[in-house]
Amino acid sequence: MSLAVVEAVRSIPGYQDINLRVKWPNDIYYSDLMKLGGVLVNSTLIGDTFYILIGCGFNVTNSNPTICVNDLVTEYNKEHGAQLEPLRADCLIARTVTVMENLISTFQDQGPNGVLPLYYRYWAHSAQQVRLGSAEGPKVWIVGLDDSGFLQVHQEDGRVVTVHPDGNSFDMLRNLIIPKQQ
């Protein structure tokens with residue numbers, strides 16, 4: 001869903017360089033600096049039917065308390081002498097739903113490899129170096145996602161291991177993957 005939001009903005013002609021990114025596992029970021037939105041997913045299996053409830057919020061027009069998509073558009077216009085129009089929330093929601101439908105269709109037809117190239121184009125983590133556990137913990141490099149969507153990191157000893165979001169938190173500002181506090 002976060003990929004759908006980012007693609008909904010960046011696929012508009014002229015808006016492809018607006019620096020919206022996907023932060024694993026479920027956030028929408030300005031570059032790797034500031035959160036603009038997030039996604040919560042709940043799933044249930046009843047009989048042989050799998051139900052998914054997706055909640056998504058992203059800041060389109062409200063500059064407070066942090067930043068919004070239209071602030072990024074304004075910043076882009078100033079830096080590049082462009083005249084991109086501010087985005088309307090209703091239009092961006094409609095585009096996001098359409099993109100999400102297309103991503104689901106692609107995933108159903110091609111599996112994860114059908115959507116991962118787009119995901120990796122927009123994600124904020126390529127070759128990012130982080131530490132596990134604490135500022136003194138082992139250094140690792142983020143290398144991608146496994147077949148279940150979990151973060152994979154390359155350790156100094158050459159091994160690639162998976163980091164699960166249900167047991168860890170990713171603090172981008174401190175470049176740490178740390179165990180969640182109970």
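Student: At what angle do helix H1 and helix H4 pack?
Tutor: Helix H1 (residues 2–10) and helix H4 (residues 112–122) pack at about 75°, with their axes 10 Å apart. H1 is therefore roughly perpendicular to H4, a term for angles of 65 to 115 degrees. Axes are lines fitted to C-alpha atoms over the stretch in contact, and angles run from 0 to 180 degrees between N-to-C directions. Helices are DSSP runs (H or I) of at least four residues, numbered from the N terminus.

Student: What should I know about the source?
Tutor: This is a predicted model, in which local features need pLDDT of at least 70 and side-chain atom pairs count only at pLDDT 80 or more, while totals for chains, interfaces and linings use all residues. Residues are numbered from 1 along each chain as its sequence is written, and side-chain values use heavy atoms, leaving out hydrogens and water.

Student: Which residues in H1 meet H4?
Tutor: Leu3, Val6, Glu7 and Arg10 in H1 meet Val115, Leu118, Tyr119 and Tyr122 in H4; contact means heavy atoms within 4.5 Å.

Student: And how do the axes of H1 and helix H3 cross?
Tutor: They cross at roughly 120° and come within 8 Å, H3 being residues 89–110.

Student: New topic: is Asn70 buried or exposed?
Tutor: Asn70, found in helix H2 (residues 69–80), counts as buried because its relative accessibility is 12%; buried means under 20% relative accessible area, with a 1.4 Å probe and protein chains only.

Student: Which residues does Asn70 contact?
Tutor: Leaving aside neighbours within four places in sequence, Asn70 is in contact with Val60, Thr61, Pro86 and Leu87. A polar atom of the Asn70 side chain lies 2.7 Å from the backbone nitrogen of Leu87.

Notes
Helix = DSSP H or I, 4+ residues; strand = E, 2+ residues; numbered from the N terminus. Parallel < 35°, antiparallel > 145°, perpendicular 65-115°, else oblique. Buried < 20%, exposed > 50% of the residue type's maximum accessible area, 1.4 Å probe, protein only. Polar contact = N/O pair within 3.5 Å; in protein donor to acceptor, adjacent residues only side chain to side chain.
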